[in-house]
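Here is a short briefing to read alongside the model.

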Amino acid sequence: MIPKVHAGLEMEMEMAGSENGIIPENWKKCVNAYGEKVKRFPSLVWKVGHDDPRRVIHAFKVGLSLTLVSLLYLLEPLFNGIGQSAIWAVMTVVVVLEFTAGATLCKGLNRGLGTLLAGLLAFFIEYVSNASGRVLQAVFIGASVFIVGAGATYMRFFPYVKKNYDYGVVIFLLTFNLITVSSYRVENVLKIAHDRFYTIAIGCAICLFMSLLIFPNWSGEDLHSSTAFKLEGLAKSIEACVNEYFYGEVDAYGDRKSCEDPIYKGYKAVLDSKSTDETLALHASWEPRHSRYCHKFPWQQYVKVGTVLRQFGYTVVALHGCLRTEIQTPGTVRVMFKDPCVRLASEVSKVLIELANSIRNRRHCSPEILSDHLHEALQDLNDAIKSQPRLFLGSNNSQANNMLAIAAAQAGQKTHGKTSLSSVKTDSSALFEWKMKRVPSERSKETEKKVLRPQLSKIAITSLEFSEALPFAAFASLLVETVAKLDLVIEEVEELERLACFKEYRPGDEVVVRCEKPQVDVLENHLPSHGVE
């Protein structure tokens, strides 16, 4: 009863406080949180436009397009000629006008072609159905709607149609059903189709004009630039990963947020780029040849380059994971291999940045991109590992003794909580001491087995003489794996340069190795479409 009375008193006091004009504490927190959001809103607006100024231009282009198309309603002569069908032009601008010219062309041509084909088929259906009676006309229209709807929907599952013309098929279905079904009750259905087609054509024309002639944004250029930035991001990740491993403090628990980790930022854009690359390549294939030499760029080759970069990125992810493992190689062991590893990572990064610069400048990469320095660094790492055989090849007798000694100490301790493996004696004296104190009873044997069983995997790892070098061995093998994956990247980039007719590399060309600040993720500039109408 006491808690209920206490709760009732609190409710009465809160109500009384509210009646007296005292704002409850939770309301103050909500008001403060809302105020903070309002204060941050101007900076957010500035940041979105500052990250990519093309967003501001695109927003003005959409606003101008909607203003122009609204003149069909606002001007009396235009409204008298088109009438209520002008709404289709407004809807077309809202749906079709995209951030890049390729995306606008893809949706605009799909919408126009779908509308035209649907209108022609609907007129044919109406012409045939009018020759029959009223009842047969209804049956014929229903059957045609079923057949065309089922056939067009089934065609949407074809990979090529789904990839290139899915939006056009949806518009085709919408227009066909609108005209065909309306023709049964409306006498002048030809005027409906005529007005719809012309208003959609007006809307598409305004969208194409804005996308192609007013500060155009090209999907091909975005794909080209993003490929170079992904190469630079991988180069940064490898160097940062090796530098943190040898110069920084290795955090086994990963307390740092992943979004703030520069290593994670470098390869994240590569791993998340599959859908973006495919979308940009599709839209770029619709764009006209706007370059100076009017070469047909092999956009699908950019997709292949992105694929090998993701495979390369998986190795970088595993390399980054070595910095977050619980079992770490001591710094005294890592320092023995610091120079060859840092040098190897630096050479790999130089190759990636040279590939990025060659793509950005549209020229062939240097024939000496795989220089002798990379092979020398790889050989130095191999020699450094061979110079320390005891770290990687331990003695079998000492391994067995250490395992038994650690097992004995673990079973003999009666403390609660975790036992520090570093504090366990690993010599033969610890094993002898445990044997002397052991009570030979069946009950104690069962207890020892229960204690030893959960500790077996840790004991097996930590008891090995060369266990301190095992984490570094994994790190070094992954670093060497990046060199092997680098050959695949170079092959795909060279094929891209050949197909895209990049200019030849001349010995006099200055090779500048640089890492620029990457642009914003191009996927963020593509707004989702929430419907066809």
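Leaving out residues up to four places away in sequence, Leu355 touches Leu231, Cys365, Ile369, Val489, Ile490 and Val493, where a contact means heavy atoms within 4.5 Å. This is a predicted model, in which local features need pLDDT of at least 70 and side-chain atom pairs count only at pLDDT 80 or more, while totals for chains, interfaces and linings use all residues. Residues are numbered from 1 along each chain as its sequence is written, and side-chain values use heavy atoms, with hydrogens and water left out.

**Nonpolar cores**

- The largest nonpolar core has 59 residues, and Phe312, Leu352, Leu355 and Phe475 have the most contacts inside it.
- Such a core is a set of buried Ala, Val, Leu, Ile, Met, Phe, Trp, Tyr and Cys residues joined through side-chain atoms within 4.5 Å; buried means under 20% relative accessible area, exposed over 50%, and partly exposed in between (1.4 Å probe, protein chains only).
- Helices that each supply at least two residues of this core include helix 11 (219-246), helix 14 (299-321), helix 16 (338-360) and helix 22 (470-499).
- Helix 22 gives the most to this core, with 11 residues.
- Another core, of 14 residues, lies apart from it, and Val69, Val93, Cys207 and Met210 are among its members.

**Helix 17, side by side**

- Helix 17 has 15 residues and reaches 21 Å from its first C-alpha to its last, close to the 21 Å expected at 1.5 Å a residue; the expected span is 1.5 Å times one less than the number of residues.
- Its buried residues are Leu374, Ala377, Leu381 and Ala384.
- These four cover an arc of only 90 degrees around the axis, which puts them on the same side of helix 17; the arc is that of the directions from the helix axis to the C-beta atoms.
- Helix 16 and helix 22 are among what covers the buried residues of helix 17.
- Asp372 and Lys386 are exposed on the other side of helix 17.

**Whole chain and confidence**

- The protein chain has 22 helices and 0 strands; these are DSSP runs numbered from the N terminus (helices H or I, at least four residues; strands E, at least two).
- Of its 533 residues, 39% count as buried.
- The chain averages a pLDDT of 77, and 72% of the residues score at least 70; pLDDT is the predictor's confidence in each residue, from 0 to 100.
- Among the elements, helix 14 has the highest mean pLDDT (92) and helix 19 (residues 396-412) the lowest (45).
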